[in-house]
Amino acid sequence: LNNELRAHKQFINFLVQRGFATHRIELEDLKMERVNNPFPEKNYPKLQSIIRKDIEHGYNVRTRWSAVNYYYVILLMNRLGIRVAEAKNFMWEDIQKDGDDTRVRFWGKDKERRIKIPPSVAEQIENMRVAKQKLGASWDWNEDDYPYVFGQWKDATKNTHWDNKLRTRWMKESGVDPSEFQYVSFRHKFITDALNEGVNSLEIALFCGTSQRMIEQTYGHLVADKVYDLVFKNVPDD
C-alpha cells in the first residue's frame, strides 16, 4: 500500500510540474510490522555459496563489488549482531588494532558501542579490504579517499542505498521468502543463536548495544524452554 501511495504522489507531483495541478501531495508511510525472524540456519550455507559465486563470476566488476559489500554485511551481522545503521556508518578508521586484539566502533543514530572482535572476524574484514583493493584497482580505491567500509562503487559517501534487488534474488535462491528475511534477520540470528547457547541476556545486551529487557521481550519466544531461565535470570522488572 505504501508503494501504491508513493506512485500516486509521484504522478500528482508530475502534474504539478507540468502545470496541470496546483498542489503537491505530502504523505507519511503507513507503519509496518517488522518481523524479527532469525535467518534459518539450514539455509545459511546455501546462501553463502550463492553469494560467493556472484563475487567470483558476477557479470561485471561493479556487480561483484556489490556482492562483496553485502556478503560482508551479512557476515558481520551474523558474527557480531550489528544493525543496518551501524553497517552503513562503519568506517575504516573505526577499526583499531591493539596488539593481537582488534577493537571496532559501531555507531547508529543516537548511540555507539566499542567491542573487541574475534580474530576470525578481524580476518574477514581484512579479506574484504583485499577484495576491494583488487576490484577497485582501476580507479585507485583506498581507505583514505573512500572511508566507509561498505561504500558503493566509486562513491566516497556513506552507502544509503541497499541493494534489495540483489538481496531478494539471494534469498529466493537460498529457499527463503525475501519479504520475511531482510538484512536485519542476520542480527536476529546472532542474538537468537547466542541465547540458545546459554549466553546471559545481559552480556548480549551490552555487546549489541541494547537493553536486557528489549532482548527478553523481542527474543524470549525464540529461546528453547530448557535455557530460558538461564539466559533471562535476574532480569530487573523495570
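Author: A salt bridge is a side-chain nitrogen of Lys or Arg within 4 Å of a carboxyl oxygen of Asp or Glu. This is a predicted model: local features need pLDDT of at least 70, and side-chain atom pairs count only at pLDDT 80 or more, while totals for chains, interfaces and linings use all residues. Residues are numbered from 1 along each chain as its sequence is written, and side-chain values use heavy atoms, leaving out hydrogens and water.

Reader: What makes Arg187 a residue with no salt bridge?

Author: The nearest side chain of opposite charge, Glu86, is 4.7 Å away.

Reader: Why is the pair of Tyr44 and Phe186 called tilted?

Author: Rings of Phe, Tyr and Trp (its six-membered ring) pair if their centres lie within 6.5 Å; planes under 30 degrees apart count as stacked, over 60 as edge-to-face and the rest as tilted. Here the centres are 6.2 Å apart and the planes at 55°, so the pair is tilted.

Reader: How do you know that Phe186 is buried?

Author: Its relative accessible area is 0%. The limit is under 20%, so Phe186 is buried. Tyr44, at 10%, is buried by that rule.

Reader: Why is the pair of Trp65 and Trp141 called edge-to-face?

Author: The planes stand at 70°, with centres 6.4 Å apart. The angle is over 60, so the pair is edge-to-face. Trp65 lies in helix H3 (residues 61-80), 76 residues apart from Trp141.

Key. Buried < 20%, exposed > 50% of the residue type's maximum accessible area, 1.4 Å probe, protein only. Lys, Arg positive; Asp, Glu negative; His and termini not counted. Helix = DSSP H or I, 4+ residues; strand = E, 2+ residues; numbered from the N terminus.
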